[in-house]
Amino acid sequence: MLPQVEISSAAEEQIEFHKVRELLSGYARGPAGKEMCLALHPIASLEDIQERMDQVFEYADISSLTNRPSLTEYESFNESLEHLLVDGYVMPQEDLHEMARQMEQVEEIHLFFSKPDHRRTYPVVARWTERAADPSALIKAIRAILDVNGDVRPDASPELLAISRAKEAEEARLNREFVRLISNYKSEGYLTDTVESIRSGRRVLCVHAEFKRKIKGIIHDESTTGRTAFIEPERIVEINNNIIEFEADFKKEVYRLLKALCAFLKPHKDQIDDVHQLIHHWDLIQSLAMLGVSYRGTRPKLQENAILHLVHARHPLLYLKNKERKKSVVPFDLVLHPPNRLLVLSGPNAGGKSILMKATGLLQVMAQCGMLLPVDESTVIGVVRKICVDIGDQQSIEEDLSTYSSRLMNMKDTLKAADESTLILVDEFGSGTDPKIGGSIAEGILDVFVKRKSFGVITTHYPNIKMYAHHTKGVVNGAMLFDKEKILPTYTLKIGKPGSSFAFEIAERTGLPAEVITYARKKAGSQTVEMEDLIHDLDDKTLKLSTEISKLQQKQKELDALIGNYDQLRLDLEIKRKKFKIDQKKAALNEISQYSRDMNKLLKELKKEKDTEKAKAQVQQLKKQHTEVREEIEEMVDEISSGDVVEEAITEGGHVKLKSTQQYGIVERVNKKHAVVLVGELQMTMPLSELIPTAAPVKVTTRKSLTKDVSDYSKFENELDIRGMVPEEASQFVDRFIDAAFMSSQTMIRIIHGKGTGALRQLVARRMKNYPFQEVSHPDRKEGGDGVTIGIL
């Protein structure tokens, strides 16, 4: 049993985790998986959370493969399996068949992970599947008796085969006799239009009542009207008896075989249980993965200590709901830097405060269940041990508790639980009683949360709570922004300042009379109104400032990119200049070499004339020049190769340019004279002499999500199926697929587009013209014909 987070079922319902469980159970393939999904509970151990999340992430990737092991619908046979240990117990035939089916699925899983690439790419899932031993021998024993449909094989034993053949012979004899009798009696007019039927498991004739004495035999039954008698003719009574005896013998032999089979399986009960448990666990993991794919879930970073660090987060249920309506969801960043641990959230009603708070709690629970989250991958989830939630009206008539009394009872329980590993979520903090008194009590409770170093999100409209957050270390204000001109919420979170309720503006928009608004402003007092106006003014200035900062940041990025490009151009120019000098020196060296050869020739001639000293001096001078030029060339080549033309060294995390391909990459690690460089998704080990340090190129940040992609060249598969896609979507997948094929050095690719109207086939043909294929063709009809395009690289 894994250690679990302390959270009440009421709290789970308040953050709507029960709805996530219900969605999850819809992906389960069997009753055991569905039960596990509905019983899912957050885990309190970092190691166990990481293990499950890694499994889910890996399975989500496996699910995109064409040769993945598939989990079909299954049934549970737990009860029969427990009885297997009883001497002489015979499992029902359908349970034995179900057992074999599940073993065959485990065998398929083992076959998938028998490939080294799969074990290396998906180590966590592969390690988990090893808990169930290879069931091949057990499958063979069961399939020797039961076929793939669960029926008993006629040749399961020599005795059974003999019984089956004898029974078949009698049935053939019965059929011949029946045909003859029907022909005779029908010509006499004795039989009804139906002519024959089955009564008490025996074939009988349907005879008109007035002719029932004409046919000798046994009357088994009569119709409700009394007009038809069901007679077993005397001639086939013996044959029917023989068939029934054979059937009884067949059942006895089957029982004997199944009993022997159960006796064989009995010592392997634990292994069978491992198979059963693996299927159940596989079902849970695939359900978690498929739900994660539906809302584009990613794997966040995990850490031991509690923290609030959600980046580009969305409420998963709201995302799925709006996805069906083709609406977008505004993401939020809830990042509290230490020592801040509590967020006091304020703003107008219906501005998204409660949704954000629920999303925070729901994402925490989902993460600690090992689920993928609709967040950016830079999100950090810290493990909490307790989660306390107080959302909505919890008035209890049975317990004679008012709304405020019930909330105080909740706060009492929360204060008992609060510590540094507790996540606290409270909506409308302090409401339900006199604002002044309720606000004071709420501030006192909040002060205890701060001293206990608890984490959480608290929503409120009370000014004293906002002021407390402003002055207290560990607490920070946050606001849900509001469009003052349109009087509409933007559902955008801004941390660092309190929010306004915009009560007067909303009241005006709803059509309340002006005299009511005027009276309310006077009654609220000038100080309150001025405070609201000040907050509004600060909102406007903050928005303008944020816009200006964003523009400046964008310009800075563009400037940095230009500087980087300039530096790179300067570097390239310097290298070309050095190479040009080398070429000049080599040409001079060649000239000197030629001149040296001429001088040697001249020296030989001078020797004959006895004037050798002068000739030797000239030759030595030429050799010296030759050596100097050669050393200059070698020095310049070394300078270019070692990268001395730039000031920067090749370091981990730095950007480099590959001399051979002119591609840019990031250095992952440096090992003496080599470096591991990441170029796109491709990891390469290169000599340092082949790399040029460079400034960072223009970055295009993309968010990783669990959608179908073909950019991982290390596990590229040469087949793409685009059937059912719209042309725009298919075009993107085809381009990325072909790019990946060329990057992974494939020799052949297959694109399955179907025949249909031919639109996808034409699209594939157009896209493939943009690449240097050696040959593009369609396979034989047996292999897909015009519905498949093959490209030879």
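The model is predicted: local features need pLDDT of at least 70, side-chain atom pairs count only at pLDDT 80 or more, and totals for chains, interfaces and linings use all residues. Residues are numbered from 1 along each chain as its sequence is written, and side-chain values use heavy atoms, with hydrogens and water left out.

**The sheet**

- Five strands make up an open sheet, in the order β18-β17-β16-β15-β19, with antiparallel pairing.
- Strands here are DSSP runs of E of at least two residues, helices are runs of H or I of at least four residues, and both are numbered from the N terminus.
- Two strands count as paired if DSSP finds at least two bridges between them.
- At the edges are β18 (682–687) and β19 (691–694), each of which pairs on one side only.
- From one strand to the next, the twist averages 45°; axes are lines fitted to C-alpha atoms, for helices over the stretch in contact, and angles run from 0 to 180 degrees between N-to-C directions.
- Within the sheet, β16 (residues 664–671) pairs with β17 (residues 674–679) over five bridges, in the antiparallel sense.
- The bridge partner of I666 in β17 is L678.
- In general, strands of a sheet pair through backbone hydrogen bonds, either parallel or antiparallel.

**Salt bridges**

- The whole structure holds 26 salt bridges, each defined as a side-chain nitrogen of Lys or Arg within 4 Å of a carboxyl oxygen of Asp or Glu.

**R101 and E98**

- R101 and E98 form a salt bridge whose closest N and O atoms are 2.9 Å apart.
- Both residues belong to helix α6 (residues 93–112), and because they are three residues apart there, about one helical turn separates them.
- E98 is buried, at 8% relative accessibility.

**D155 and R153**

- A salt bridge joins the side chains of D155 and R153, at 3.4 Å from N to O.
- D155 is partly exposed at 43% relative accessible area, and R153 is partly exposed at 31%.

**R750 and E719**

- The closest N and O atoms of the salt bridge between R750 and E719 are 3.2 Å apart.
- R750 is in strand β21 (residues 748–752) and E719 is in strand β20 (residues 719–721), so this pair ties together parts 31 residues apart in sequence.
- R750 is buried at 18% relative accessible area, whereas E719 is partly exposed at 30%.

How values were computed
Buried < 20%, exposed > 50% of the residue type's maximum accessible area, 1.4 Å probe, protein only.
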